[in-house]
Amino acid sequence: MNTKKDKLVIFDTTLRDGEQSPGASMTKDEKIRIAKMLERMRVDVIEAGFAIASQGDFDAVQAVAEAVKDSRVCSLARAVGPDIIRAGEALKKANASRIHTFIATSPIHMKYKLQMEPEKVLEQAVAAVKHARQFTDDVEFSLEDGSRSEPDFMYRIIEAVIAAGAGTINIPDTVGYGEPGEYGAMFRRVIENVPNSDQAIFSTHCHNDLGLAVANSLSAVMNGVRQVECTINGLGERAGNASLEEIVMAVQTRHDLYPVETRIDPSHIVPTSRMVSSITGFPVQPNKAIVGANAFAHESGIHQDGVLKHRETYEIMRAEDVGWGNNRLVLGKHSGRAAVKARYEELGHSFDDPAEFQLVFQRFKDLADKKHEIFDEDLQSIMAGAQEPVERYRLGSIDVHSRSGNRPRAQMQILIDGAEVNAEADGSGPVDATFKAIESVVKSAADLKLYSVNAVTQGTDSQGSVTVRLERDGRLVNGVGADTDILVASAQAYLDALNLLASGESKRKGV
Ligand code: KIV
Ligand code: ZN
């Protein structure tokens with residue numbers, strides 16, 4: 001029996017499509033940290049951004065291209081000259097680069113969005129691929145809204161772009177409309193009907209509007225696809241993309257079914273999921289497959305009994321294989337610098353700047369004074385807080401009085417550009433009073449779009465991790481804060497969001 005498996009290329013687009021989740025924008029430094037984790041995890045291709053979208057996006061693609069050595073780094077580009085030139089420039093220093101160029105091919109997109117005839121679209125696609133090949137020998141072409149495109153037109157355009165030098169052909173389910181049987185069959189027919197299909201790798205890129213992104217991607221794999229585009233935690237435009245951890249673990253766990261294997265080291269999955277969550281402020285739902293807090297927790301007595309007798313009765317994967325097990329080393333107030341640094345290194349953070357480690361270590365000590373045991377999740381949240389953009393607003397102190405029957409009142413000291421300012425307000429609850437006190441002096445005119453609190457670890461001494469999403473002039477930012485006192489964490493998160501709104505570098509969204 002031939003057991004040789006094909007390679008499945010894992011193309012991560014957390015830093016590009018993931019960043020297109022409303023409010024999930026990331027700074028250049030944050031993108032580098034995530035990219036380094038993806039590299040450790042042995043992701044094949046990292047889509048680092050959309051170089052033409054802004055100077056910030058260009059800088060981030062360039063910085064990731066310089067920082068990453070073991071994964072191919074990719075930039076998105078529309079099928080137009082200026083986009084391709086910008087992508088090529090940003091990727092100049094990459095060890096291995098890819099330009100990912102795309103144009104819409106569905107009747108509805110060509111008619112209403114592009115207002116172009118199909119023949120013109122085909123011509124532009126071929127020209128874009130040839131142009132991109134002048135910068136790199138690795139060019140991917142995507143047929144945007146491919147799952148709603150006419151088969152005969154797709155065959156023609158795919159044959160033409162392969163002949164022009166595209167090595168990867170991606171047929172995205174851009175609007176999340178596909179259904180597994182139908183989407184998989186589409187790939188089978190494309191591969192059969194395109195005469196030169198053997199000269200390219202076919203790829204999926206599925207959105208999760210109907211909750212089918214992972215199922216659609218896996219069905220495509222069963223039908224000849226050998227690259228999956230996906231994101232950590234399923235982050236992405238609207239309902240998100242196919243989640244990397246689910247694709248990788250499905251293929252690995254059901255190796256009896258799938259004719260492919262990846263080169264991913266799954267032990268980095270949970271730390272990477274946590275890093276992405278703490279940077280973006282998008283909490284992971286507890287029942288999320290693989291990376292949710294409950295993914296390996298057994299509540300029912302019958303299940304617990306079964307697992308204790310023989311683990312495989314109820315567990316199809318081992319928690320430690322995806323990074324849960326050894327992830328629990330506990331630090332405390334007696335832990336020294338070396339132990340803390342070593343643990344951070346295992347979690348994928350290295351400190352080139354001694355001042356940065358000093359700040360992180362100080363925050364670790366402050367937290368260890370309040371909380372008995374420090375877990376990896378705590379270390380991640382300390383790290384997120386220590387990497388804030390230029391701090392225009394900082395919390396000095398906070399005093400909130402809350403008594404049943406009375407309106408809560410918050411009194412605070414806020415440092416604005418280093419100057420101490422007193423603020424106070426009452427509100428319908430203690431958090432409301434805190435935010436109103438801040439607004440009474442900052443007067444940001446921003447709208448609060450989301451407020452969420454999650455326990456970082458278990459137990460009542462857990463830090464509360466707070467996300468505050470603010471919007472002003474069409475810009476969305478997510479501020480994060482963590483502390484054992486959730487009012488302190490709330491104030492920090494609100495001020496973090498204000499700092500993001502104020503910062504020049506700003507975490508902004510692509511086009
Ligand atoms: O969803 C989509 O079609 C995309 C393309 C740019 C690949 O993100
Ligand atoms: Zn997409």
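In what order do the 3 strands of the open sheet lie? This is a predicted model, in which local features need pLDDT of at least 70, side-chain atom pairs count only at pLDDT 80 or more, and totals for chains, interfaces and linings use all residues. Residues are numbered from 1 along each chain as its sequence is written, and side-chain values use heavy atoms, with hydrogens and water left out.

**View 1. An open sheet of 3 strands.** The order is β14-β15-β16, with antiparallel pairing. Strands are DSSP runs (E, at least two residues) and helices likewise (H or I, at least four), numbered from the N terminus. Two strands pair if DSSP finds at least two bridges between them. β14 (447-455) and β16 (475-483) are the edge strands; each has a single partner, so one side of each lacks a neighbour in the sheet. On average, neighbouring strands are turned by 15° against each other, direction ignored.

**View 2. The β15-β16 pairing.** β15 (residues 464-472) runs antiparallel to β16, joined by 9 bridges. Thr-467 stands opposite Val-480 in β16.

View 3. Helix α6 covers residues 151-164. Its buried residues (under 20% relative accessible area, 1.4 Å probe, protein chains only) include Phe-153, Tyr-155, Ile-158 and Val-161. The buried residues pack against several elements, among them α5 (118-133), β6 (139-144) and α7 (180-193). Just after α6, Gly-165 takes a positive phi of about 120°.

**View 4. Asp-83 in helix α3.** Asp-83 lies in α3 (residues 81-90). Its relative accessibility is 2%, so Asp-83 counts as buried. Contact means heavy atoms within 4.5 Å. Neighbours within four places in sequence aside, Asp-83 contacts Phe-50, Ile-52, Ala-77 and Arg-78.

Conventions
Chains are lettered from A and ligands numbered from 1 in the order in which they are written. Buried means under 20% relative accessible area, exposed over 50%, partly exposed in between (1.4 Å probe, protein chains only). Axes are lines fitted to C-alpha atoms, for helices over the stretch in contact, and angles run from 0 to 180 degrees between N-to-C directions. The expected span of a helix is 1.5 Å times one less than its number of residues.
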